[in-house]
Amino acid sequence: MTPSPPPHDATGGPPPSGFRVWRPGLINYRDAQTRQEALVAERPSWSHDLLILLEHPPVITLGRNSSRQHLLWTDAALEKAGIDCVTTRRGGDITLHNPGQLVGYPIVDLNHFNRDLHLFLRRLEEILVCTLADFGLAARTVTGRTGVWVDDRKIASIGVAVRRWISYHGFAVNIDNDLTVFRSIVPCGLENVSMTSLAQELGGPVDKRLFNDNLVRHFGRILRRPYLGRYEKPTTPQT
């Protein structure tokens, strides 16, 4: 893939010193959404960006462009299957998260991408394509369809939100998650789309820690941000 040109700074200020990574593990979607809201509010006071890498228990999320017609199961069926359903502020249509799917939430100051959301989306796609290539998978993008594909099968979805040019929400890439539950929706509102995963394409187990580490490496390289280490969640002072 051709290297991306450096982004422009819309403010004239110094770029972030780099980025930190927070890996909190398996977190309820609603709790993660609340935490993201707080981090977005904090971001203007930081000198760095943040990448959150986590997994969610089964949950369907509806973006700003979602149609309820793309939710195929009844509330009773969702409850029986233990699948939550949440309306969000991100872009895009309906999608699903479940364990084994890596979800990434970049809290990034887009002032340093010339306030160009489309440029940022293309960079996220590039990060995913390069990480999948490390595992021998020839993934690609499709013009007019945000996300990442393997032939005509979708392996990663992207939907972001922006507040005062700080990004949140992000991407979800299928590693070794249960794909059968995608029958509950029309993924991304695209009819006749087949979802796939890295494990399904490779026909065997995937080293998820290696995938995470490689993604962090490509995130820094493609966004031109040095990795600064782990994000340490602030503790509440004792009184």
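These legends go with several close-up views of a predicted model. Local features here need pLDDT of at least 70 and side-chain atom pairs pLDDT 80 or more, while totals for chains, interfaces and linings take in all residues. Numbering runs from 1 along each chain as its sequence is written, and side-chain values use heavy atoms, with hydrogens and water left out.

View 1. A pocket is an open set of points on a 1 Å grid over the protein atoms alone, where a 1.4 Å probe fits, with protein on both sides within 12 Å along at least five of seven lines; its volume is the space filled by probe spheres set on the points, which are joined across faces, edges and corners. There are 31 lining residues, meaning residues with an atom within 4 Å of a point. Nearest the centre sit Gly-91, Gly-92, Asp-93, Ile-158 and Gly-159. Strand β9 is the top contributor, with seven residues; β5 (94–97), β6 (101–107), α3 (117–133), β8 (145–150) and β10 (166–174) are among the elements that supply at least two each. Helices (H or I, at least four residues) and strands (E, at least two) are DSSP runs, numbered from the N terminus. The lining splits into 14 nonpolar, 12 polar and five charged residues, where Ala, Val, Leu, Ile, Met, Phe, Trp, Tyr, Cys and Pro count as nonpolar, Asp, Glu, Lys and Arg as charged, and the others, Gly among them, as polar.

View 2. Two or more lining residues come from each of β1 (19–26), β2 (49–55), β6 and α5 (208–223). By class, that makes six nonpolar, three polar and three charged. Gln-101 belongs to strand β6 and, at 2% relative accessibility, counts as buried (under 20% relative accessible area with a 1.4 Å probe, protein chains only; exposed is over 50%, partly exposed in between). Its side chain makes a 3.0 Å polar contact with that of Asn-174. Such a contact is a pair of N or O atoms within 3.5 Å, one able to donate a hydrogen and the other to accept it; residues adjacent in sequence count only if both atoms are side-chain atoms.

View 3. Among the buried ones are Phe-120, Arg-123, Glu-125, Glu-126 and Leu-132. At the helix start, a side-chain oxygen of Asp-116 comes within 3.2 Å of the backbone nitrogen of His-118.

**View 4. Two loop residues with positive phi.** Asp-151, in the loop between β8 and β9, has phi near 55° despite not being glycine. With a relative accessible area of 48%, Asp-151 is partly exposed. Arg-164 sits in the loop between β9 and β10, with a positive phi of about 50°, and is not a glycine either. At 78% relative accessible area, Arg-164 is exposed.
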